[in-house]
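Please read the points below with the sequence and the structure side by side.

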Amino acid sequence: MSDENPKPDGEPRRNFLAAMGAVIAGGLAGVAPALAGVATLLDPLRRTRDDQAMVMVTKLPVLPADGVPRKFTVSTDRVDGWTTYQNTPVGAVYLRRTEENELRCLNVVCPHAGCFVNLAPGATHFACPCHRSRFALDGSIDDPASPSPRAMDELECEIRNDDEVWVRFQNFQPGQEHKVPIV
Amino acid sequence: MKAMLDWLDDRTGYRGLLSEALYERIPGGARWRYVWGSTLTFAIGVQFVTGLILWAAYSANAQGAWESVYYIQYEMWGGWLLRGIHHYMAQVTVVLLLLHLMQVVIDGAYRAPREVNFWFGLGLLGLVLALSLTGYLLPWDQKGYWATKVATSIAAITPFVGPEVQKLMIGGPEYGHLTLTRFFALHAGIIPAAIVLLIVGHIYLFRRHGITVKDPDHAPDSMFWPDQIFRDAVAMLAVMATVLILVFATGGAHLGAPANPTEPYAAARPEWYFMFLFQWLKYFPAGWEVVGAMIIPGMIVTVVALIPILGNWKLGHRFNLGLMASLIMGVGLLTFLAYAQDGADEDFLMAKEQAEQEAHRVQELAAAPTGIPPTGALDLLRNDPLTQGPKLFSSNCASCHTYNGHDGLGAPPAEDPSAADLHGFGSREWLDGLFDPERVNTPEYFGATDFRNGEMVRFVQRGIPNAWTDEQRAELEYVIAWLSAEAGLTRQQDLEEAEAARIERGRDAVVNEVVDCTRCHMVYGVGEQEGPELTGWASRDWMLRMLNDPAHPSLYGEDNDRMPAFGADEILTDRDMGLIVDWIREDWYRATDSQE
């Protein structure tokens with residue numbers, strides 16, 4: 001309170017006690033809703049992605065032998081807030097054969113700002129439609145002018161039981177120089 | 001700092017506003033009796049804050065409303081406390097509003113020039129009640145769903161435009177997504193905005209006319225800040241303490257089972273402060289509802305709104321006091337009658353008990369590792385043998401069978417039982433009774449059926465005690481162990497794994513015809529098909545076949561007593577038969593299963 005304001009009547013000490021009391025009582029009255037509200041708002045911080053087990057994505061013969069990437073949907077069980085989905089699409093990957101029995105797997109999400117990267121017509125390279133990042137078929141940055149800070153995110157993949165293609169599907173923090181998984 | 005504040009004051013004039021707000025002179029001094037308005041502002045403020053945060057986790061759709069409220073209540077940090085405060089503060093707000101209104105009427109604070117402010121206050125009361133009504137539906141549980149249906153059905157009796165009014169309220173011909181989106185828009189957007197406008201107007205007019213002071217010489221004048229604010233703050237703290245006591249004493253706001261349009265809900269009741277209306281409507285016979293629900297309440301509201309005008313008459317204030325007193329007594333009496341009648345109503349109490357069980361059960365199922373499916377939590381209950389089994393048994397099986405002596409739901413059977421008691425069917429205990437000469441011919445087993453004089457009864461009562469050798473009788477406990485193992489009951493699994501040798505011995509005794517079961521029964525290709533097949537006896541598949549067609553040659557054949565072919569004659573669906581069988585086999589999800 002500044003000096004221009006009219007002072008309340010009465011004894012200053014009494015007024016001071018009343019003011020203190022008002023602030024304390026009013027503050028206490030707000031504690032419970034404030035705590036409950038802040039706790040609820042912060043709840044997402046303790047949520048983590050479920051264990052990132054490998055999932056089967058396709059069968060080997062589906063992949064072209066000439067090394068052209070193909071896009072596949074990754075489906076797995078997923079808990080979304082209050083709903084539990086069984087075997088639901090959670091993301092997509094590009095799979096490419098490098099040898100007869102060797103695979104490379106890239107997450108379709110652009111490491112720059114999270115857009116969905118397209119396979120360019122003619123399958124010569126990957127092109128991000130948002131900010132024009134360009135990646136070679138192996139995921140490395142193709143055009144030095146690309147805004148992406150790193151190559152496309154490679155995912156662990158393997159062949160099981162002769163022809164099953166399994167992928168460990170993960171998303172990574174965009175905009176950083178190194179791959180940091182989102183958990 | 002000072003320079004910055006000066007700059008801000010220069011641009012906004014906040015100091016003037018602040019000092020005007022804080023240094024209102026109170027003739028006769030600050031008093032505890034002036035706190036009600038401030039506590040109401042506080043209560044509504046708490047509702048705004050808690051409501052906005054609840055909004056950040058709430059989903060207004062028919063497969064997400066209950067589910068998201070469940071998530072808030074049982075999964076989120078502090079969610080139960082947040083929701084509990086919002087729930088009970090809503091009720092406290094209604095009480096505070098009524099106290100405030102009573103005080104205004106008693107003090108005559110409605111008199112000129114304060115008429116308009118009285119009407120603003122009444123408007124606020126109406127809006128707060130509308131918030132309660134719309135908020136009650138949002139969790140989309142049985143209680144809110146059915147209670148709100150009553151309210152919107154009342155809207156449908158509005159003369160001339162009833163059906164249209166109802167359709168606009170619920171967003172179409174049926175309750176569903178749009179009912180929730182519309183109620184939520186009203187609850188969290190439109191009504192709160194109207195409340196803010198009315199409160200601003202209410203406080204503006206209050207400041208314009210000043211406090212209604214009865215005895216200005218009570219004490220020296222004082223200022224709003226800090227004397228009155230101190231009292232207001234203590235009163236706010238008391239309001240919050242009351243709410244917290246309610247939250248902790250009740251464990252927070254209740255969440256019933258998910259709304260189910262196909263399941264009768266006899267326990268549907270509105271919030272307690274609407275119970276007088278609920279009771280009131282009982283007195284209006286068909287065709288007169290519009291009188292009870294609209295014309296009379298409308299007249300009462302009109303008279304209450306006229307209080308400031310009536311107060312100008314010589315006896316007006318007394319009339320107003322009498323009006324308030326009789327309204328309070330009338331509402332009190334109706335509320336009392338409503339609760340007294342419910343308390344004496346067996347059906348209501350049973351429905352309430354069952355609702356409580358389902359609320360608990362669905363919460364258990366939602367917390368299971370399988371979680372809530374995308375089709376919503378209602379499917380958890382619909383597919384739960386523990387929930388559906390007793391109902392299906394009671395309406396389809398209990399005309400002949402009993403379950404532990406009752407009809408499945410716990411009521412005594414309507415007719416004397418005329419077929420076996422199926423509690424524990426397939427278990428060793430159940431078979432011990434079947435092979436007990438004392439019990440086999442009681443209504444618990446064959447005593448009330450066509451088979452009471454049949455081969456099996458004679459075999460148990462005379463064959464085993466008289467015709468069997470000691471060696472054969474020694475096999476009986478192994479035979480029972482084996483036969484029960486054919487049922488493959490989950491709850492006997494551990495025991496049966498441990499006793500594999502005893503079960504093997506029982507089976508050998510039967511198949512090698514050491515005992516003479518195969519004289520009438522078929523067992524693994526050995527024996528006669530006179531009585532029901534014992535291969536896989538009482539297994540899930542065997543029981544489903546029995547429900548499907550008991551007169552099948554491998555079961556009772558031509559000797560089938562009165563049991564209907566529930567499947568073959570399409571009396572029950574495969575799903576329903578599965579639920580009955582799983583319930584009898586006690587095969588349902590248990591919360592402890594996952595903790596092991």
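**Notes on chains B and A**

1. In helix H23 (residues 540–548) of chain B, the buried residues are B:Trp542, B:Met543, B:Met546 and B:Leu547. These residues lie on the same side of H23(B), because they cover an arc of only 135° around the axis, the arc being that of the directions from the helix axis to the C-beta atoms. Helix H24 (574–584) of chain B is included in what covers them. Buried means that 20 or more other C-beta atoms, placed from the backbone, lie within 10 Å of the residue's own; helices (H or I, at least four residues) and strands (E, at least two) are DSSP runs, numbered from the N terminus.

2. This is a predicted model, in which local features need pLDDT of at least 70 and side-chain atom pairs count only at pLDDT 80 or more, whereas totals for chains, interfaces and linings use all residues. Residues are numbered from 1 along each chain as its sequence is written, and chains are lettered from A, with ligands numbered from 1, in the order in which they are written.

3. Chain A has one helix and nine strands. Its radius of gyration, taken over C-alpha atoms, is 28 Å, well over the 16 Å that the globule rule (2.2 Å times the number of residues to the power 0.38) gives for 183 residues, so chain A is more spread out than a compact globule. The C-alpha trace of chain A spans about 95 × 40 × 20 Å along its principal axes.

4. Strands E2 (residues 70–80) and E3 (residues 83–99) of chain A run antiparallel and are joined by ten bridges. In their hairpin, with two residues between the strands, A:Gly81 takes a positive phi near 60°.

Notes. A residue is buried if 20 or more other C-beta atoms lie within 10 Å of its own, exposed if 12 or fewer, and partly exposed in between; C-beta atoms are placed from the backbone. Two residues are in contact if their C-beta atoms, placed from the backbone, lie within 7 Å. Two strands pair if DSSP finds at least two bridges between them.
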